[in-house]
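Please read them with the coordinates open.

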Amino acid sequence: MGQKRGRDPKAPAAQANKRKKAVKADTGSDDERSVGVEDLNWKEVAMPDRMEDAEGFFGLEEIEGVDIIKSGGDVQFKAKTGKPRKSIIKPPSEDDDGEEWGGFSDEDSSEKTPVADKADAEKTSAAPEVNKATEDKKSKKEIAKEKAKEKKKAKKDETKPKDQKPKDSKSTQDRNIKSGISFAALEEAEDDDGVDVSAWDALNLSSEIYTALSKMKFSQPSAIQKAAIPAVLDGHDVVGKASTGSGKTLAFGIPIIEHYLDQRGKQGEKEEKTKAPIALLLSPTRELAHQLARHLGELIANSPDTNARIALLTGGLSIQKQQRQLAHADIVIGTPGRVWEILSTGTGLIRKMQKIRFLVVDEADRLLSQGNFKEVEDILGALDKEQAGDIDEMEEKKEEEPSQRQTLVFSATFHKDLQQKLAGKSRWSGGDMLDNKESMEYLLKKLNFREEKPKFIDVNPESQMASGLKEGIVECPAMEKDLYLYSVLLYYPKHRTIVFTNSISAVRRITQLLQVLQLPVFGLHSNMAQKARLRSVERFSSPTADPSSILVATDVAARGLDIKGINCVIHYHVPRAADAYVHRSGRTARAGESGKSILICAPEEVVGVARLAAKIHAKRTKGEDDDAPSKKIPLESLDIDRRVVARLRPRMTLAKRITDSTIAKEKVNTEDNWLRAAADDLGVEYDSDEFDQSKGKGRGRGGGRERRDKEASEMTKSEMAGLRAELKQQLSQRINIGVSEKYLTAGRIDIDALLRGEGNKSFLGHLDPLTF
Ligand SMILES: Nc1ncnc2c1ncn2[C@@H]1O[C@H](COP(=O)(O)OP(=O)(O)OP(=O)(O)O)[C@@H](O)[C@H]1O
């Protein structure tokens, strides 16, 4: 019989002890000897692709052909009679953790990082010749050591990779496309040529990094990279503030890899057991942690002979696997909850982590302000515990070097929750954002910087918005936002667009509505299972996706998501805080590209929007001698042609009726199932008509909506089919905005162009494009 085990994150140490005990007590012949749970060759259980919420089951493993032996409190395992012992035990190779470096997904090896792939590929090819591989490794380490020594001297004279033909650039690229779980898949397949990276000269980086930058086609550093990299390399604590999509990840990532390269020789001599990670990177969300790992993984994969290993510690994935990753990691990336869960249960892990050279707090304002804060505090407290550790620890510490930890804090914004935490201790600035001084005061209080005064680098103090971003506003009646959203989407065909809403139910409804209108749309919100979330982003960002793809999302997608080729961000709901507007808009116009951010606004929302815009653009709109922000909204007003709105209304009415009915039916079914189950529990008969009648007696708020829902849910199949047929017929025609036979015959329009399908194919006739 096959055996399954769930992974109990809370008892790894106990399991390990049990295992030791079990193995020790064993004295039978080789094939009879029993083994502990950790020695079994567990196989991961594949999850069904369409399982809606499988998070609790990720990491479930099974094994076949074993008998269970219980002895007192201990559980041991033996191969079934007639089977050799080796059929159930883990292969003995020291490298058997190769599968652990799958990194980004527990169950799909195709989702590995470039780092993982690189390491795995090397392991696979080296497996039959372990000794030779070790020798090779040694010689590589020696070479690396020599390189490290000569590096500083030789840097300037080295041939820059601009002239190199990177050997494996194409294959690395291909691997990335295959292995990227989502947005990385958007990378285009490129040719083998690297780019000229001489613009990075002043940063005095190692040749490995230059090669990687060349392969990644990063011809010059961004402003934050130019300013922050030297400061970090010089050993400073750094607080970095730069607009969205400006390359903050590599601003701290490059110095970390530089340090790894520098230390590689020394680390190589150390036993794996005593090896400690060099950096801990904290991120507020799982998606961002995965993205950080991918981004740094890409840098490592493109750096010759660089095998820095990343452990990714996030929720939703196997904790034991992450614990094992951590044992060999050079760089640890994670969300605070899971990082703390692992550190606080593992033996000696905190002591190991105290040796890190870099602590990175990414998206600092969010990380230090939301639900993560307690765990962040715990982690920071544990890292700083070394001065007040127990006596044994203190003895050991005496022989070790003093802490060299640099703290690096990055974000595009510092928002009002930080302000609230400072309440009473600092001047109220009257806005959602903190000014630099207030941010620094807060960070100094919360983080134990090495230096008294960390370097505050704000590369674009005049604006937090990307320079290539255009901001616009569409005013419309509150009840017609759907119609105006649809109009804007049709105005911009072949634009990859994210539509942000303030609620999960709005994401669900708008996604369905746009689907009914036959647009290529995907939804993303936090009630979706992690796997479904990643699938949505993957489909939206895939290079083979429709270029007009739309992602409808809550603010779960507002921060950090780096999806190439997003042309437009639409705020269906006005964001609740200024920082959300900055981060949402920052999903477009990244890395020097251009993009549009459009607010769809009801008249009653305009005042709030004006306030929001004034906060964000305060510095830009202030007059030289004027302290008050300008009243003018720095957003361009976009005029949607009334004819367009009028012609789209019929199809929108049909689409809404279909969507409302579908949603109402789903709701009724869910309610019905719930009531039936409750009636079953109570042992009473459930009569839905009786229940509906008693419900109808109630008066007051919600009654109208309930009645509408009920009516919508009662639409018959044939009525629904009729609506769908009518809509289909309408969608099959272009929206005619003024072409009549008279014009056609009078030669007032270019029939050839029309027949060639030039211009916006949704419309028939001339349409003035929106002003930006
Ligand atoms: N020097 C560079 N040249 C060109 N592209 C770069 C460079 N550095 C980074 N990039 C690219 O720019 C994009 C944005 O980088 P990154 O995600 O680090 O931005 P960010 O500043 O952290 O943004 P956010 O604040 O939204 O998280 C990435 O796709 C990255 O690969």
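1. Which residue lies over the face of Tyr 492? In this predicted model, that residue is Lys 596, at 4.7 Å from the ring centre. A further case of this kind involves Tyr 572, whose face has Lys 481 over it at 5.7 Å from the ring centre.

2. The largest nonpolar core has 48 residues, and the members that touch the most others are Leu 485, Leu 514 and Leu 517. At least two residues of this core come from each of helix 17, helix 18 (504-516), strand 16 (550-553), strand 17 (568-571), strand 18 (595-601), helix 23 (642-682) and helix 26 (717-731). Helix 17 gives the most, eight residues.

3. Leu 514 is worth checking by eye. Leaving out residues up to four places away in sequence, Leu 514 touches Leu 485, Leu 489, Leu 519, Val 521, Ile 550 and Val 552.

4. Leu 489 belongs to helix 17, which spans residues 481-491. With a relative accessible area of 10%, Leu 489 counts as buried because the cut-off is under 20%. Its contacts, again not counting residues up to four places away in sequence, are Thr 497, Leu 514, Leu 519, Ile 550 and Ile 570. Cys 568 is 79 residues from Leu 489 along the chain, yet their C-alpha atoms are separated by 9.5 Å.

5. Helix 5 (residues 207-215) is largely enclosed by the rest of the structure, because eight of its nine residues are buried. The buried residues are Glu 208, Ile 209, Tyr 210, Thr 211, Ala 212, Leu 213, Ser 214 and Lys 215. Just after helix 5, Lys 217 has a positive phi of about 65 degrees.

6. The UniProt record, an unreviewed entry, places a short sequence motif named "Q motif" at residues 198-226. In the model, that span is 45% helix and 0% strand, and its end C-alpha atoms lie 13 Å apart.

7. How many aromatic pairs are there? The count comes to one. Phe 252 and Phe 410 form the pair, with ring centres 5.3 Å apart; their planes are at 50 degrees, so the pair is tilted. Phe 252 sits in helix 7 (residues 248-269) and Phe 410 in strand 11 (residues 406-411), so that distant parts of the chain, 158 residues apart, are linked. Phe 252 is buried at a relative accessible area of 0%, and Phe 410 is buried, also at 0%.

8. Strand 9 (residues 331-334) is buried on both sides: Ile 331 and Ile 333 point one way, Val 332 and Gly 334 point the other way, and all are buried. In a regular strand, side chains alternate between the two faces of the sheet.

9. Strand 9 pairs with two strands. Strand 7 (residues 279-282) runs parallel to strand 9 and is joined to it by four bridges; Leu 282 has Gly 334 as its bridge partner there. Strand 8 (residues 310-313) is likewise parallel to strand 9, again with four bridges, and Leu 312 is partnered by Ile 333.

Technical notes:
Residues are numbered from 1 along each chain as its sequence is written. This is a predicted model: local features need pLDDT of at least 70, side-chain atom pairs count only at pLDDT 80 or more; totals for chains, interfaces and linings use all residues. Side-chain values use heavy atoms; hydrogens and water are left out. Buried means under 20% relative accessible area, exposed over 50%, partly exposed in between (1.4 Å probe, protein chains only). Contact means heavy atoms within 4.5 Å. A nonpolar core is a set of buried Ala, Val, Leu, Ile, Met, Phe, Trp, Tyr and Cys residues joined through side-chain atoms within 4.5 Å. UniProt positions are given in the numbering used here, feature names are shortened, and annotations may be inferred rather than shown by experiment. Rings of Phe, Tyr and Trp (its six-membered ring) pair if their centres lie within 6.5 Å; planes under 30 degrees apart count as stacked, over 60 as edge-to-face and the rest as tilted. A charge sits over a ring if NZ of Lys or CZ of Arg is within 6 Å of the ring centre and within 35 degrees of the ring normal. Two strands pair if DSSP finds at least two bridges between them.
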